[in-house]
Amino acid sequence: MEELKRNDSAHFIRFLARLQRCIPIRLTIQLIPDNGSSHTSKVTRAWLKRHPRIVPHYTPKHASWLNQVKIFFSPPARAVLRHGDFSSGTDLLEKVSDFAIVHNETACPFRWNYDGRPRQTGDEPAAAKEECRAR
C-alpha cells in the first residue's frame, strides 16, 4: 500500500472508493472514523451520502478514552493481523487468542506520561520496575 503523504478529504474518499471496489457488493461497510477533518469535511459527508453502502459511525468528539482503546488493540494488530496468514476463521481466532493469553501473562502496568520517561512515584519497589522494563 502506498504511503499517505497527505491526510485530506480527497485521499480519504479514494480510500473509501477502494473499499467499495474490494468488498463484495452484498455487504454493508460499517466504518468507524474519528473526527479528523478529512473524515468530517463537507466533501466527505456528501460522498458518503451518495454511497449509502458505507455507514459511518463517528466517535464522540473529545473522547480521549478511545485513544486507550486504540492502544489496547494496537499490539495484536501489529503482531498477529498485519502480516498474518490464516487458513480459516478458526485459525485467525486461535492466533489472536494465543496472543491474548501470552500478553495477559506478561502484561505490565502502563504509565502514561508526556515525555516518554518512566514516571517516578516512589511507591513501587525498584525490582518490580526493572522486571517490567526488561520484558
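These legends walk through several close-up views of a predicted model.

**Figure 1. The whole chain, from end to end.** Let us start with the overall layout of this predicted model. The chain contains six helices and two strands. Starting at the N terminus, the elements follow the order α-β-α-α-β-α-α-α. Of the 135 residues in the chain, 17% are buried. The chain exposes about 11000 Å², and carbon and sulfur atoms supply 58% of that area. Counting contacts between residues at least 6 apart in sequence, 56% join residues at least 24 apart.

**Figure 2. The largest nonpolar core.** Here we look at a group of nine residues that form the largest nonpolar core: F12, I13, L16, L19, I29, L31, W47, L48 and I54. Helix α1, strand β1 (29–31) and helix α3 are the elements that each give two or more residues to this core. The most come from α1, which gives four residues.

**Figure 3. I54 and its neighbours.** Leaving aside residues up to four places away in sequence, I54 touches L16, Q20, I29, L31, W47 and L48.

**Figure 4. A nonpolar patch on the surface.** Nonpolar residues can be found on the outside of this model too: V69, F72 and F73 form a patch on the surface. Together these three residues have about 310 Å² of accessible area. F72 belongs to helix α4, which covers residues 65–81. Is F72 buried or exposed? F72 counts as exposed, because its relative accessibility is 54% and the cut-off for exposed is over 50%.

**Figure 5. A63, a buried residue in a loop.** Our next stop is the loop between β2 and α4, where A63 lies. A63 has a relative accessible area of 13%, so this residue is buried. Also shown is D34, which is 29 residues from A63 along the chain. The C-alpha atoms of A63 and D34 are separated by 9.6 Å.

Figure 6. Side chains of opposite charge can pair when their charged atoms come close. The structure holds one salt bridge, and this view shows where to find it. The partners are D91 and K95, with their closest N and O atoms 3.4 Å apart. Both D91 and K95 lie in helix α5 (residues 89–106), where they are four residues apart, about one turn of the helix. K95 has a relative accessible area of 33%, so K95 is partly exposed.

Methods: Residues numbered from 1 in each chain as written. Predicted model: local features only at pLDDT ≥ 70, side-chain atom pairs only at ≥ 80, totals over all residues. Heavy atoms only, no water. Patch = residues over 30% accessible without salt bridge, like charges linked within 9 Å, V, L, I, M, F, W, Y side chains within 5 Å. Areas by Shrake-Rupley, 256 points an atom, 1.4 Å probe, with all protein chains shown as cover. Salt bridge = Lys/Arg side-chain N within 4 Å of Asp/Glu carboxyl O. Buried < 20%, exposed > 50% of the residue type's maximum accessible area, 1.4 Å probe, protein only. Core = buried A, V, L, I, M, F, W, Y, C linked by side-chain atoms within 4.5 Å. Contact = heavy atoms within 4.5 Å.
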